[in-house]
Structure formats: C-alpha cells, structure tokens
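Dear colleague,

I am passing on the structure below, together with some notes on what turned up when I went through its helices. Please read the notes with the coordinates open beside you.

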Amino acid sequence: MLIGFVVLNGEAILAYKTVSGTKKLKKLVHLSLQFIAMILSIVGLWAVWKFHNEKAIDHLYTLHSWLGLSCIILFSIQWAAGFWTFWYPGGSRSGRASLLPWHVFFGVFLHVLAIATSVSGLLEKSIFMQSAKMIGRFSMEAMLMNLLGMLLVLLGALVILAAISPGAGKIDTYRGSSE
C-alpha cells in the first residue's frame, strides 16, 4: 500500500512535469502509474483483511483503517472519473476544463490522505508493539518508525511543492505579467 499510494501516486502526480514526450504519453504514464497504485492498494487491503480474519482481529476499529479504506474508495472514484473524463471516451473540451482543477485538487488531497494514513499506520504499529513489550519507547525500532514517518511527511511535502511549482519557462511568463 505504501509503494502504491505514496511512491507510485507521487510519481504519477509528477508525471506531467518529469516525463518527456507528448501530452498523450504523459497522460498515459499518469494513468498507468495510478492504476498500478490502485491495484497494489487493493491487494494490500485484501492481505490485511485476510490477516485479520486468520488472527481473529476485528476490522475497521482504528483511525488508520478508516483513513485507509476512505483513501482506497476515494482514489478508485478519482481514477475512474479521470479515466472516463480525460482518457476514454473523454469528455468535451469544456467539461474537461471545468473538471481539471477539481481533479488536481482531489489528487493532491488524496496524496496527503495517503501520507496521513501511512503515518497513522506507523503510529498504530508502534503503539501495538510497545503495548506488547516487543519494543521499548526509545528503542532503535521505535526511532526508525518515527524517522520513517517524518520522511514520509517530507516526501509528501516535496511532491506537492514540485506539483504546484511552475514548470520551466513559465516563471518568465509570471514575471512578465506582474511588471
């Protein structure tokens, strides 16, 4: 799930800025990476559900599970809406233009939600392990989980910064318009 929703989703968000080639190629890379992220997340959900069933653990009782399920459902809706509007069969030019800002907003929102879900999962695991006396509060494992959580937040911030920053050549346009 982490690889899908955080890494691949982040790469897909940046595909329009990092992939060279035609707009159609960039759109295909974006769509494909998002699809792979969605599939990996669904497989991850299945694995968690199976593990909980085998260990007789209740489902959906933590904030992490609620955030995660919300993330998967909203991500799937976002992907389907994007597919039908921007890829096949494709909406009208005005329909695509009016939906694009919302598509971008919800894409960034879902990336933030995925980061929050990942960090809450790390916190949940750390609390469970500390409660079971498997690790200490200041053990290397606990510090590693905290560090990973901080790195995830930093990665999310950098992806968003890169996504909202103007592309090459657009800075002069902005400077010229303010003078």
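The expected span of a helix is taken as 1.5 Å times one less than its number of residues. With that rule in hand, and keeping in mind throughout that this is a predicted model, helix H3 can be checked: its 32 residues should span 46 Å, and because its end C-alpha atoms are 46 Å apart, the expectation and the model agree. The same reasoning applies to helix H1, residues 2–13, where 12 residues should span 16 Å and the end C-alpha atoms are 15 Å apart, which agrees.

To stay with H3, which covers residues 23–54, its buried residues are Lys26, Lys27, His30, Leu31, Leu33, Gln34, Ala37, Met38, Ser41, Gly44 and His52. These buried residues pack against H1, H2, H4 and H5. After H3 comes Ala56, which has a positive phi, near 55°.

Turning to H1, the residues that are buried there are Gly4, Phe5, Val6, Leu8, Asn9, Gly10, Ala12 and Ile13, and they pack against helices H2 (15–18), H3 (23–54), H4 (63–87), H5 (93–131) and H6 (140–164).

The crossing in which H1 passes H6 is left-handed. On the H1 side the contact is made by Leu2, Val6, Gly10 and Ile13, and on the H6 side by Leu152, Leu155, Val159 and Ala163. Of the residues in this contact of H1 with H6, 7 are nonpolar, 1 is polar and none is charged.

H5 meets H6 in another way, in that their axes come within 10 Å and cross at roughly 175°, which makes H5 roughly antiparallel to H6. H5 contributes Val108, His111, Val112, Ile115, Ser118, Val119, Leu122, Lys125, Ser126, Met129 and Gln130 to the contact, while H6 contributes Ala142, Met145, Leu148, Gly149, Leu152, Val153, Gly156, Val159 and Ile160. Sorted by class, the contact of H5 with H6 holds 13 nonpolar, 6 polar and 1 charged residues. Leu152 and Val159 of H6 take part in the contact with H1 and also in the contact with H5.

How values were computed
Residues numbered from 1 in each chain as written. Predicted model: local features only at pLDDT ≥ 70, side-chain atom pairs only at ≥ 80, totals over all residues. Heavy atoms only, no water. Helix = DSSP H or I, 4+ residues; strand = E, 2+ residues; numbered from the N terminus. Buried < 20%, exposed > 50% of the residue type's maximum accessible area, 1.4 Å probe, protein only. Contact = heavy atoms within 4.5 Å. Left-handed = near helix turned anticlockwise from the far one by under 90°. Nonpolar A, V, L, I, M, F, W, Y, C, P; charged D, E, K, R; others polar. Axes fitted to C-alpha atoms, helices over the stretch in contact; angles between N-to-C directions. Parallel < 35°, antiparallel > 145°, perpendicular 65-115°, else oblique.
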